[in-house]
Amino acid sequence: MNLYIVAFLMLTFCSLCEPYSINVGTTPSKRFVGRREVISTATATVLSLPFLPSVARSEIPGIAGQSPKTILITGASSGIGFDAVSRFVSLGHTVYASARNLEKSESIKTRISSDLPGTCITGVCDLSDLSSVTAYADRLKANGVKFDCACLNAGLAPGISRKTPERTKEGFEMTVGVNHFGHFKLMSLLKPSLKENSRVTITASGVHDPDSPGGQQGSKATLGDLKGLEEIGRDCEMIDGGAYDPDKAYKDSKLCNVFFTRELQKRNPNLQVNCFTPGLIVSTGLFRDQNPIFTKVFDVAATNVFKVGESIEWGGGALAYIALSEDVKTYGGYYGSKPGSSKYGDAAYGSSFSVDTVSKEVAEGEKKQQRLWELSEKLVNL
């Protein structure tokens with residue numbers, strides 16, 4: 001068996017199982033072997049193996065030579081958000097880049113070269129605290145900033161071993177609170193600051209669809225009849241009223257993103273709203289609550305071995321393409337590509353990466369989409 005696969009299976013097994021015992025020699029005595037020992041062995045195996053070369057960044061179709069734009073982006077301190085910021089600034093645009101705390105916000109500045117033609121202006125917008133969201137929006141409006149594009153990119157995924165939900169300051173389950181409600185509030189407050197025909201780009205995920213390769217694994221996304229929000233409100237554990245499930249919470253939040261995209265476009269025909277899936281990118285801050293060693297090895301396996309994962313650069317390019325490319329002409333849509341598309345480089349945007357199908361729940365759920373919007377307005381006090 002391929003050594004990559006052996007190491008990956010070892011990591012998967014030891015991350016899910018309790019410490020176990022093995023026979024020592026021919027004696028009946030046993031020695032207990034914990035996760036750490038197996039992880040160390042598997043990690044050493046993987047790190048000793050050759051990696052596949054990365055694909056060089058090329059020119060994204062339809063974004064070169066544009067007049068300078070003003071762009072807002074959340075989740076800008078790491079992952080695809082930071083990659084997109086670096087692309088925007090290198091193209092001469094002015095970028096208002098936010099992160100959840102001052103340390104992360106300041107770190108963006110230090111990593112963006114002052115020699116680039118654009119400008120990066122950083123700020124703090126903690127999406128788990130609606131007072132922070134409001135304060136950030138108020139500062140931008142007070143400065144009279146008008147945006148050509150808003151990229152709602154920040155997101156988090158809880159550790160799958162979590163038994164009880166972490167809560168935002170206002171009491172929302174943390175995942176849906178940050179990934180959906182925080183962005184819903186920010187977008188609602190900043191709509192007057194968007195220029196005519198501004199673009200709004202929302203980072204969603206293929207896992208919103210239970211029939212997609214990622215959505216089929218583990219718990220399945222569904223908002224049900226919105227019973228949790230309808231009957232319990234902010235204090236619900238899950239939107240459909242069920243018991244807390246961290247895997248499903250993340251997938252549900254991405255389902256909210258797709259519903260939000262379509263309803264925002266419907267209500268604002270003067271905007272150009274789209275969402276997209278960057279694919280499986282394990283090495284971003286999104287997975288900060290997962291076992292870090294397992295995450296690293298899983299990233300290697302998914303991206304370099306099974307070739308179903310994408311690189312951060314691919315995800316950042318996808319975000320930049322949806323946000324800026326003149327080749328993007330469908331709005332209210334969901335963009336994606338087949339797993340492993342990052343191997344084709346930036347030239348794939350607009351070809352293998354294009355308008356994709358949404359889940360059946362989204363396609364047939366216009367009334368649910370509208371009701372989610374109404375409940376969201378109520379719960380974030382708009």
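The model is predicted, and local features are reported only at pLDDT of at least 70, side-chain atom pairs only at pLDDT 80 or more, while totals for chains, interfaces and linings use all residues. Residues are numbered from 1 along each chain as its sequence is written, and side-chain values use heavy atoms, with hydrogens and water left out.

The chain contains twelve helices and ten strands, taken as DSSP runs numbered from the N terminus (helices H or I, at least four residues; strands E, at least two). Of its 382 residues, 53% are buried; buried denotes a relative accessible area under 20%, exposed over 50%, and partly exposed the range in between, with a 1.4 Å probe and protein chains only. Contact is defined by heavy atoms within 4.5 Å. Among contacts between residues at least 6 apart in sequence, 76% join residues at least 24 apart.

Nonpolar cores were defined as sets of buried Ala, Val, Leu, Ile, Met, Phe, Trp, Tyr and Cys residues joined through side-chain atoms within 4.5 Å. The largest such core holds 52 residues, of which L72, L186, V200, L223, L229 and F260 touch the most other members. At least two residues of this core are supplied by each of α5 (130-142), β6 (147-152), α6 (174-190), β7 (194-203), α8 (246-267), β8 (272-276) and α12 (366-379). The largest share, nine residues, comes from α6. With neighbours within four places in sequence left aside, L229 is in contact with F181, C236, I239, L372, L375 and L379. A second, separate core of 35 residues includes I63, V95, A99 and Y321. In soluble globular proteins, nonpolar side chains tend to be buried together.

Two helix pairs involving α12 were examined. Axes are lines fitted to C-alpha atoms, for helices over the stretch in contact, and angles run from 0 to 180 degrees between N-to-C directions. Angles under 35 degrees count as roughly parallel, over 145 as roughly antiparallel, 65 to 115 as roughly perpendicular and the rest as oblique. The axes of α6 and α12 are 10 Å apart, and the two helices pack at an angle of about 75 degrees, which makes α6 roughly perpendicular to α12. In this contact H180, F181 and F184 of α6 meet L372, W373, S376, E377 and L379 of α12. By class, the residues involved are five nonpolar, two polar and one charged; Ala, Val, Leu, Ile, Met, Phe, Trp, Tyr, Cys and Pro count as nonpolar, Asp, Glu, Lys and Arg as charged, and the others, Gly among them, as polar.

For α8 and α12, the axes come within 9 Å and cross at roughly 90 degrees, so α8 is also roughly perpendicular to α12. From α8, the residues C256, F259, F260, R262, E263, L264, K266 and R267 meet E366, K368, Q369, Q370, L372, W373 and E374 of α12. This contact comprises six nonpolar, two polar and seven charged residues.

With a disulfide defined as a pair of cysteine sulfur atoms within 2.5 Å, the count is zero. The cysteine sulfur closest to that of C236 belongs to C256 and lies 9.9 Å away, too far for a bond. C256 is likewise in no disulfide, the sulfur of C236 being the nearest to its own. C236 is buried, with a relative accessible area of 6%, and C256 is buried at 0%.

Most residues other than glycine have a negative phi. L226, in the loop between β7 and α7 (227-232), has a positive phi near 65 degrees and is buried, with a relative accessible area of 2%. N381, in the segment after α12, also has a positive phi, of about 65 degrees, although it is not a glycine. N381 is exposed, with a relative accessible area of 57%.

Two further loop residues were considered. S359 lies between β10 (354-355) and α11 (360-363) and is buried, with a relative accessible area of 1%. Not counting residues up to four places away in sequence, S359 touches H208, D209, P210 and L255. Y344 is placed in the loop between β9 (333-336) and β10 and is exposed, with a relative accessible area of 52%. Y344 and W314 are 30 residues apart in sequence, with a C-alpha to C-alpha distance of 9.3 Å.
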